[in-house]
Each structure stands twice: as C-alpha cells, then as structure tokens.
Amino acid sequence: MTTKNEKIKNSLNEAIEMTGSEAMIRSLVAEGVDTIFGYPGGAIMPIYDALYDYGHAVKHVLVRHEQGAVHAAQGYARVSGKVGVCFATSGPGATNLITGIADAMIDSTPLVCVTGQVTSGLLGTDAFQESDVIGISMPITKWNYQITSPEEIPEAIAKAFYIASTGRPGPVLLDITKDAQFGKLQFSYEKCTKIRSYVPEFPTDKKHLKKAADLINAAKKPYLIYGQGILLSGAEKELLSFIGKTGIPAASTLLGISALPSDHPLNMGMLGMHGNYAPNIKTNECDVLIAIGMRFDDRVTGNINTYAKQAKVIHIEIDPAEIDKNIKTEVAILGDAKHALRLLATLVENKQHQEWVNEFLLARTKEEDKVIINDLKPSKPGLTMGEVVRLSTNLTDNKAVIVTDVGQNQMAAARYARFNQTRSWVTSGGLGTMGFGLPAAIGAKFGAPEKEVILFAGDGGIQMTIQELGTISQEKLPVKIVVLNNDFLGMVRQWQELFFEKRYSFTEITSPDFVKLASAYGIPGATVSDRKDLGLAMKSMIDCKGPYLLEVKIEQEDNIFPMIPAGATVSRCLLGSDEL
C-alpha cells in the first residue's frame, strides 16, 4: 500500500494549488526531512497549522527555548549526516537562534532554519515582534533569504538544502512573512542541483597531487593531522587506507575525533591547547605536515610564528578561503577530502616509519606517567573527570555517542572517551558555546536512535539550557546525562589558578539539587561522590531504559593537562602546573 508520504513525493511535480504554509511542509518532505526542532509563535503559526496534518511524515520536537531548537538540530546533523532543521517565530524567537547559527557556521554544520516574519506590509515599521533577522544573521550564514510571496517557497527551500549540504556545509536561514504563508500558489517541487556563481567544490589539480605525493614519498618524518572534513566528506575509510599504506602517524583536531578508531596504532590522539603531548610537540619536529579537512585554528597552532616552520605543509581543503589563511602551504589541494585522498593514495608508496612512530610513543609514555595515570588511577580521594569519562565509554564498549558541553568537561571527554564508530562525537568547537550540550544530546538521540547517547556537562554549562530536561521528559528520550560538578566554572577557574594567582573572581557557582530537579521532570537520577560507588552508579545509569541524570561530585581543583598556554608555541605543551 502506498503511504501518504509516498503519495506526496510522487505528486511533487504535479501543479497543485495550496497555501504557502503547506508548500513549505511539502518541500521539506521532498528533501527527506523527518525531524524538526522548534517552538511555535504568532508569525509562524500558519506553518505550524499545516504541519498538524503531516505528523505521519515529519516528527516535530517541541523544545523549551529556541536556542535548544538550533543546538538540537546541530546534534541531529552531526550524528546523522543529514541537514538539521529548526523552526522559530519572529522577533525574539528568531534572535534566540543566533548563537546556534553562529556555532553551526564556524563548525560547518548543515542547517536550514525557518523563521516566521510579520506581514510584508509591516516590514520596516518596528511592528510587534519584528526583527531584521536577515541583517542580523547575514555574517553567520552561508545564505539567507526573506520570502515575501508564496511562489518563492519551493525554489527557496530547494536552494537552502543544496547550499547547506554541499561544499563546506553550513547554516542557511529562510525568513518567511506571514502573508506568504497564507497566500496561495500552484505548487510543484524540483530539487536544486546547481546555482550559477556558487561553486561548492573545485576540481582537484593532478599536478598538485603529484607534487604532494613526491613530498610524502621523500619524507623521513611525515605527520598527518585531520579535522572534521574527514567526517563531512565521508572519508573515514580513505583515511584509514591512506595511513595504513604510508605508515604515517596521525592526530585529530577536536572536531575530527571519531573519524579514526581510538585504538588504531597510528592514531596518536588529539591536537590542541589541551590535546595530547606527542601530537603537539611533534608538530615542530616533522618534515612534512599533511593537513586534511581542518582550518589551522589558533587552538591547534598556538603561536603561528613558531608553528611547523621546519615542515613542508600539504593542505587538503574544500574551502579555498582556508588555504594560506593562517599557515603558509607548500602544496594546496583544493577539493573534497574523500576524492583527494583516493587519488593521492594511488601515488604514494608503501612505507613504514617505525622509528618516527616510536618517538610519538615515547612522548605518549611521558604523558601517561605524568598526567594520564593521575587522571585514570588517581591516588587522591576525590573523583577525577577522566576516570568518570573512561568508565562510561568502557561500559558501552566504546560505541556510545558522546556529547559534551564546553569547558573542562569537554576537554576531559575529548581526552578520555574512546571511539570505534564514526560520527559519535558531538561538541561545540570554534564558538565554544556553553549550554550546547543538553539540547545537542537531544538532537543526537533523534539522529541516531539506535545508539546510546551520553552527555557530559559541567555544573555551569548545563544550567544555561537546563529547561530542555522538559523536552527529554515529554519525548521520553533515553539520553544519559552526567553532570561533572565541582562547584566552579571549571575552565575559567583553572586559568585563574594558573595565570591569575588563584584569584577566583566570580567563578564559584552554586547549583540546584540536580537529582531533585530531574525528578521534578520525571527523570530518575543519583549523586555519587565516592570512588567505591562510581562503578555501580554508572552501570545503573547505562542500564536504565529511559533518561537518567547522574551527578558526579569531582575534585574542585581538578585541572586539565597537558596545556599549551594561550599564544605559546605548540612545543611548550605543559604536563603540569610545575612547568609554568
């Protein structure tokens, strides 16, 4: 039997008269949208009225704040590989999306955000709940557009999805006036496959590939660093094959985590300010540096004047704006990472660089002896963030989707979670948005319902969007929430300890009883502060069939090391406060 959803798709090319609101929903169905995160209001009410009849085709998730909608759409997109979709009304509804849109832009997350707007005749009059969302969002979107007539809707939606998902992905915003939602049109739909003057991907230059291969083949100490571009292009297998053939040690950026299995012998860990010791210090010792799908962010490079000056840099990147922006390259390969790696793999030689790899392993041992053993098997009585994170991933056989908020909880999770499946790491990278974690975990669970989703959040960050416990409760969503509570804004406190003589200026924070608060939403939970109780408490959380909140009281002055001080060279990767 043909379902109503299939009938809709089959009739897309037939001109049918309908309202702009129904055209909006039908267009989204045509693009394969199955989940929308949103919050209704007056200016988008006609679209919500049309959505009422499409519950069989599209799941709508009612969040408790529009920021929750956009972060949930981000989480959904990151784990599913699809375009995330969110709705908001005009004025404050639209402006509440802005932080999440900015976050998605810098982290290359494909979103289509639809906002309602006052009627066309009222534009520019400071009408009730009017805001210039097009002007506000222009710097933080790949494309934005205001729809003022119903006839524009199908083409605008088609363009939005094409732009959001092609090339370097990113957020798109469509602002639709109320009269365009009510107006009638002869509806038909055609997906967008090309836009004049928009070039999402450049052809890969074979001469540049050959030059890169020659450098790699001649290298004595080659080093590969990869970012989220591997995940976005679906190049995980190509990366695995490439490093397997060349024997080159590899390390990831914060957003590249999970692209390569954690236990791969050539996976040396994470780069960056709180990354692993070996990947950081070896950057200034390699002779060829191959960067794939990453943008040389300052948290990776530290002082760019001292970054990899001895190395010939090969940069594989889809966005030409990132080439030579921060780090000068010897060879730039424009194009999709998956395609470029396939071609490059045919030109490189089978090699082993065991002596060079051993240097990484020796540096790793130094970090294990001074940092990791203290985080995972601490001698002090208080619980550490690292042991909590590692236990949780061990209990899920390293298959859980790990979501984080921002701060020490984020860095601990990045360092100590383990992954053997791709697209299983969700965090806010470039913008570093506190409050990201809880709504992103909601979206991640909808994007990968078959996987366990565990959120790590600090006691500060979770309070920024804690109202989304209501969304979890209403949806009966089995998200596991771990609140790492040290009664501080932990990362700021760490900097105050290390660089501001322990002047803890306004970083102490009091919190509600998180377990009682969760209970008020019908979510079970527990608090643990003793190491002997941690294993059972964590297992109870994992075994729970529904949502669960576990508050873990951790050491108040538990710091994240290694650490590269802001503006320092990557060679100055400190293993403890005694090295300052």
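A charge is said to sit over a ring if NZ of Lys or CZ of Arg is within 6 Å of the ring centre and within 35 degrees of the ring normal. In this predicted model, local features need pLDDT of at least 70 and side-chain atom pairs count only at pLDDT 80 or more, while totals for chains, interfaces and linings use all residues. Residues are numbered from 1 along each chain as its sequence is written, and side-chain values use heavy atoms, with hydrogens and water left out. The charged end of Arg493 meets the charge criterion, sitting over the ring of Phe488 at 5.8 Å from its centre.

Rings also pair with one another, where rings of Phe, Tyr and Trp (its six-membered ring) count as a pair if their centres lie within 6.5 Å, with planes under 30 degrees apart called stacked, over 60 edge-to-face and the rest tilted. By this rule there are 12 aromatic pairs. One of them is edge-to-face because the rings of Phe37 and Phe446 have centres 6.0 Å apart and planes at 70°. This pair links distant parts of the chain, 409 residues apart, with Phe37 in strand β2 (residues 35–38) and Phe446 in helix α19 (residues 437–447); helices (H or I, at least four residues) and strands (E, at least two) are DSSP runs, numbered from the N terminus. Both Phe37 and Phe446 are buried, a term that means under 20% relative accessible area, against over 50% for exposed and in between for partly exposed (1.4 Å probe, protein chains only). Ring pairs join Phe37 and Phe446 with Tyr76 in a cluster.
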